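Here's a quick tour of one protein chain, written for someone new to reading structures. Take a look at the sequence and the model, then work through the points below.

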Amino acid sequence: MRILLILTLFIIQLLMPVESFAKTAYLSFDDGPSNCTEDILNILKVQDVKATFFVTGNASPGQMHLYKDMVEAGHALGIHSYSHNYAKIYRSTDSFFNDIAQLEKLLKKEVGESPKILRFPGGSNNYVAKQYSGTNLMSQLKTEAKRRGYQYYDWNCDANDGLNPPIPEKKLIRLIMQGVEDKDNLYILLHDFNGNTTIVDGLPEIIRRLKHKGYEFKVMDESTPTLAF
């Protein structure tokens, strides 16, 4: 009887869809493109991994092609802001979305379309906005973003690689793996800005360890389950 029960449970597990056991990692890079973007793209290509880039407005002639390079490599673009200037974008709702409109115009020119996924600089519950607006601006921005058809995403795993000076590579990797815990869906915050060589150095090992833990890498789009603070 016990053997029959064990066999039955084994057969049930085999018949269950694979996605029931799937763990997903969403690698996301904020602030680019930068002089590190090409290195990041090369690593992702070698590792056969796709990621999401929440981009800003970069008018540098030597880096403008990187928006298209991201898309042509199969990665996803997301809106971050054009200027990434907190004092500018967090003055009012109009200031924020005027800045966003400037980035949308740039992306439509460079890649033919503008995405509808968004990451607020500092996250959706940041306190910086109140510093500049004196109001509960973030609540207004989140409501308005949804009204305009944006899906916004925060994160549940942070490398703290946005610090200046950058943290050491080993610490970055350790922070990521500590943030993994037992999460089935990882929304990983990384940064792509000029001089952030720490993430370039640490990214291959981060990907290797996540693969070893059974994570499948996906890009974010409007159908991705939301994660908000």
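Helices (H or I, at least four residues) and strands (E, at least two) are DSSP runs, numbered from the N terminus. This is a predicted model, where local features need pLDDT of at least 70 and side-chain atom pairs count only at pLDDT 80 or more, while totals for chains, interfaces and linings use all residues. Residues are numbered from 1 along each chain as its sequence is written, and side-chain values use heavy atoms, with hydrogens and water left out.

**The whole chain**

- Contact means heavy atoms within 4.5 Å. Among contacts between residues at least 6 apart in sequence, 77% join residues at least 24 apart.

- Which peptide bond is cis? It's the one from G32 to P33, with omega near 5 degrees.
- P33 sits in the loop between strand 1 (23-30) and helix 2 (37-47).
- N160 isn't a glycine, yet its phi is positive, at about 55 degrees. You'll find N160 in the loop between strand 6 (157-158) and helix 8 (169-180).
- N160 counts as partly exposed because its relative accessibility is 32%.
- E181 is another non-glycine with a positive phi, about 50 degrees. Look for E181 in the loop between helix 8 and strand 7 (185-191).
- Is E181 buried or exposed? With 56% relative accessibility, E181 counts as exposed.

**Salt bridges**

- Side chains of opposite charge can pair when their charged atoms come close.
- The rule used here asks for a side-chain nitrogen of Lys or Arg within 4 Å of a carboxyl oxygen of Asp or Glu, and by that rule there are seven salt bridges.
- R119 pairs with D30 in a salt bridge, and their closest N and O atoms are 2.9 Å apart. This pair links distant parts of the chain, 89 residues apart: R119 is in the loop between strand 4 (117-118) and helix 6 (128-133), and D30 is in strand 1.
- R119 counts as buried because its relative accessible area is 0%, and D30 counts as buried at 3%.
- R148 and E144 also meet through their side chains in a salt bridge, at 2.7 Å from N to O. R148 is partly exposed at 37%, whereas E144 is buried at 15%.
- E144, R147 and R148 are linked in a network of salt bridges.
- E181 turns up again here: its side chain forms a salt bridge with that of K183, at 3.2 Å from N to O.

**Cysteines**

- How many disulfides are there? The count is zero, where a disulfide is a pair of cysteine sulfur atoms within 2.5 Å.
- C36 is in no disulfide, and the nearest cysteine sulfur, that of C157, is 20 Å away.

**How helix 8 meets helix 9**

- Two packed helices are described by the angle between their axes and the distance between the axes.
- The axes of helix 8 and helix 9 (residues 197-212) come within 9 Å and cross at roughly 35 degrees. Here axes are lines fitted to C-alpha atoms, for helices over the stretch in contact, and angles run from 0 to 180 degrees between N-to-C directions.
- The crossing is right-handed. A crossing gets that name if the near helix is turned clockwise from the far one by less than a right angle, and left-handed if anticlockwise.
- On the helix 8 side, the residues in contact are E169, L172, I173, I176, M177 and V180. Helix 9 brings T198, I199, D201, G202, E205, I206, R209 and L210.
- Sorted by class, this contact has eight nonpolar, two polar and four charged residues. Ala, Val, Leu, Ile, Met, Phe, Trp, Tyr, Cys and Pro count as nonpolar, Asp, Glu, Lys and Arg as charged, and the others, Gly among them, as polar.

- Q47 is in helix 2.
- Leaving out residues up to four places away in sequence, Q47 touches P204, I207 and K211.
- Q47 and I176 are 129 residues apart in sequence and 18 Å apart in space, C-alpha to C-alpha.

Note on methods:
Buried means under 20% relative accessible area, exposed over 50%, partly exposed in between (1.4 Å probe, protein chains only).
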